[in-house]
Amino acid sequence: MALANRLAGNASADTAIEITQGGAEFEFRQASAFAIAGASGKLSLSGKTIVAHRTHFARQGDILSIGHPDTGFRTYLAVPGGFVADEFLGSSSTCLPAGFGGLEGRALRPGDELEFDAAMEPAASLETPANLRPFMTASHVLRCVPGPDYAALDDAVWSDVFEATRRLDRTGIEIRGPWPHLADGALKPSAAVFPGAIQLTPSGNAFVLMPDAQTTGGYPHVLQVIRADRHLLGQVAPGDRIRFLRRTSEQAHNDLVAKTAIFADWLPGFRF
Amino acid sequence: MTVPDIRMVGDDALSIEVDDPRHRNVLAEHLRHSGRWTDVVPGRRNLTVGFDPLAVSPAQAHAVLAGALEHAPPGTQSASEEIELALRVDPESGPDLARVADENGLSPEAFLRRVCASPLAVDMMGFMPGFAYLSGLDPVLRAERLALPRQRVAAGSVGVLTGQLGLYALAGPGGWPIIGRIQEPLFDKVAASPFLLKAGMKVRLRVLGSSS
């Protein structure tokens, strides 16, 4: 989303549209610049193929068509100045479980009209530098530190291969694989959990928490995806393969400093 | 005060054990006011703070928290407000009531009588926006989390686990067995204070359509 906003001349957190698994069409009621980043299937503007990671200019009446991505899961559409959206608790993000933000707190539907200031223009036509374009893959390596309840696992977790199931949304992703069976009484007094927390459930599968997740939970918190890699979770699609790479908290700190530095010139002030 | 053990939660949070819920709430306020933490989240027996790992390393965050705990106020807050809420218990509102009551060897009516007679109080808010953890449930009543959490429970749903109730202010995913639904809205988006319940409140439940 930050990359799409950058191409539209916006700040990283300006209101953009997140499109899950493609399959969306937008009609421009007014001429405007726009940009697309994230997972990209076939993109076209009134029938003409266009590419992601570049500032584009639509005429009044142009139809933007966003196809289903082969790899990756979420595509981002940004316009100059950002879309007009509801704000709640300081954010315009749509929180579906709570019905906050965005357009009436719900997913967009055919026929919705979205407002933005079409008179605004980005300062220049831009292209995302090639080395900053996220690599879309169906096989993910997530760097993790052991969680507070890591004792429920054994070290095989660092070599086994896991798989994302179809139970997946902005609150969490279910991960299937050779997880150890939970001992009786393994459930804990509820404690704080954050996005990136991986919790083992008695069902035998684990869940990794996403941005709209709960703030506390009682399932054993066995791993934590490091902050530098949490953004990768948004592109995990059902059936994707997942491996975990062990880090210490000091290494995770260094990883974050290093990744932030790589993006610092293009996205000043951006925080993972 | 004695400084409790501090442990790492992942790469950008720290947690301490604090058993006394009243002390936990005072400590949480103290840490929020310090402005040093990105999140301050009280748990059932613990308190977790998030830090910005770009600004401080884990070791520095640990030192800052240890210092803050040494200078924390020793006091506890006292519970104040009391609120009565009406509970709907038809099968759609409380899909797990009959099963959970049966597992306790009780009729649904006898199970609910014990729930309503319990000295309930809001222990903490968390999990989802507006989710209230109520302590004080009659310890005789036993219930476990669902093996597979539901992807969606209705707003107002009342979940039960041994020793506690959980009130879902908003619809969302949940792993607690659901025994009923609160009639009053627990959330009002346009109110100055959008969530009805606050940590420390005492709660009385009344089953709708029942005189007891």
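**Exercise 1.** Against which elements do the buried residues of α2(A) pack?

Solution. This is a predicted model, in which local features need pLDDT of at least 70, side-chain atom pairs count only at pLDDT 80 or more, and totals for chains, interfaces and linings use all residues. Residues are numbered from 1 along each chain as its sequence is written, while chains are lettered from A and ligands numbered from 1 in the order in which they are written.

Begin with burial: a residue is buried if 20 or more other C-beta atoms, placed from the backbone, lie within 10 Å of its own, exposed if 12 or fewer, and partly exposed in between. In α2(A), the buried residues are A:Ser249, A:Ala252, A:His253 and A:Leu256. Seen down the helix axis, they fall within an arc of 105 degrees (taken from the directions from the axis to the C-beta atoms), so they line one face of α2(A). The face turned away carries the exposed residues A:Ala258, A:Ala261 and A:Ile262. The buried residues pack against β9 (139-146) of chain A, together with β1 (6-8) and α2 (58-70) of chain B; helices (H or I, at least four residues) and strands (E, at least two) are DSSP runs, numbered from the N terminus.

**Exercise 2.** Find which element gives the most to the side of chain A that touches chain B.

Solution. Two residues are in contact if their C-beta atoms, placed from the backbone, lie within 7 Å. On this basis the contact takes 34 residues from chain A and 32 residues from chain B. On the chain A side, α2(A) gives the most, with seven residues.
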